[in-house]
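Biologist: Please show me the model. I would like to ask what stands behind some of the labels.

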Amino acid sequence: LAELEQAELAVSAGARSASGHLTISAPAGFGRQHVAPLLPSFLAEHRDVSLTLSLNDRIADLLNEGIDVAIRIATLTDSSMVGVKLAENKRVVVATPAYLKRHGIPQTLDQLTGHNCLAISSDGSQRGWTFRQHGKNITIKVTGNMACNDGEVLHDWSLAGKGLSWRSMWEVGSEIESGLLVTVLDEFAAPGNDIYAVFTQRR
């Protein structure tokens, strides 16, 4: 408690400026789009800090890999970590207006079978899409003629009008706002995994 009080006093007094090397881990797509653009201005404000940004879609081991803070898009379960919620993350089904004009707008989850669904693929198998129906989360196995394990490629296919895709708002929010993509089946959207900054309690 005494150490905590001293730390609070030091911070409130502004006696120290940030210094040292900061190692940040983030998912590749999110890191490129939302973390990397912020870092030059952060370093301009904190001139005694240097940093390394590690972009990787695997879950990093903060202690063993010397990572100071990791960005996680998940439901946190590791009680040994401190998690600070940065933003909510909703997942939506999107397509281009041109695709929907050609193939129609799905009104029910059953109608997904009549659409080309662009899916994230892992080891040759497509992951299901999760929705909320009758008060419960359900996962639907979708089908389509294109799948990829890289979210950025999937994003490009979506913008090219190749089919429906199930994406996070952090990936497609600007395109929805500009009208390049349109959301469908919004009434069936399930709660998403939120975005957290995670660090160890001892650092």
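Modeller: Asp 150 caps the N-terminal end of α6. This is a predicted model: local features need pLDDT of at least 70, side-chain atom pairs 80 or more, while totals for chains, interfaces and linings use all residues. Residues are numbered from 1 along each chain, and side-chain values use heavy atoms, without hydrogens and water.

Biologist: What makes Asp 150 a cap of α6?

Modeller: A side-chain oxygen of Asp 150 lies 3.0 Å from the backbone nitrogen of Glu 152. A polar contact needs N or O atoms within 3.5 Å, one able to donate a hydrogen and the other to accept it; neighbours in sequence count only through side-chain atoms on both sides. So the pair qualifies.

Biologist: Which residues of α6 are buried?

Modeller: Leu 154, His 155 and Ser 158 (buried: under 20% relative accessible area, 1.4 Å probe, protein chains only). They sit on the same side of α6, because their arc around the axis is only 105 degrees. That arc is taken from the directions to the C-beta atoms.

Biologist: Why is the pair of Phe 30 and Trp 170 called edge-to-face?

Modeller: Rings pair if their centres lie within 6.5 Å; planes under 30 degrees apart are stacked, over 60 edge-to-face, the rest tilted. Here the centres are 5.2 Å apart and the planes at 85 degrees, so the pair is edge-to-face. Both Phe 30 and Trp 170 are buried.

Biologist: And why are Trp 129 and Trp 166 called stacked?

Modeller: Their planes are at 25 degrees and their centres 6.5 Å apart, so the pair is stacked. Both Trp 129 and Trp 166 are buried.

Methods. Buried < 20%, exposed > 50% of the residue type's maximum accessible area, 1.4 Å probe, protein only. Helix = DSSP H or I, 4+ residues; strand = E, 2+ residues; numbered from the N terminus. Phe/Tyr/Trp six-rings, centres within 6.5 Å; stacked < 30°, edge-to-face > 60°.
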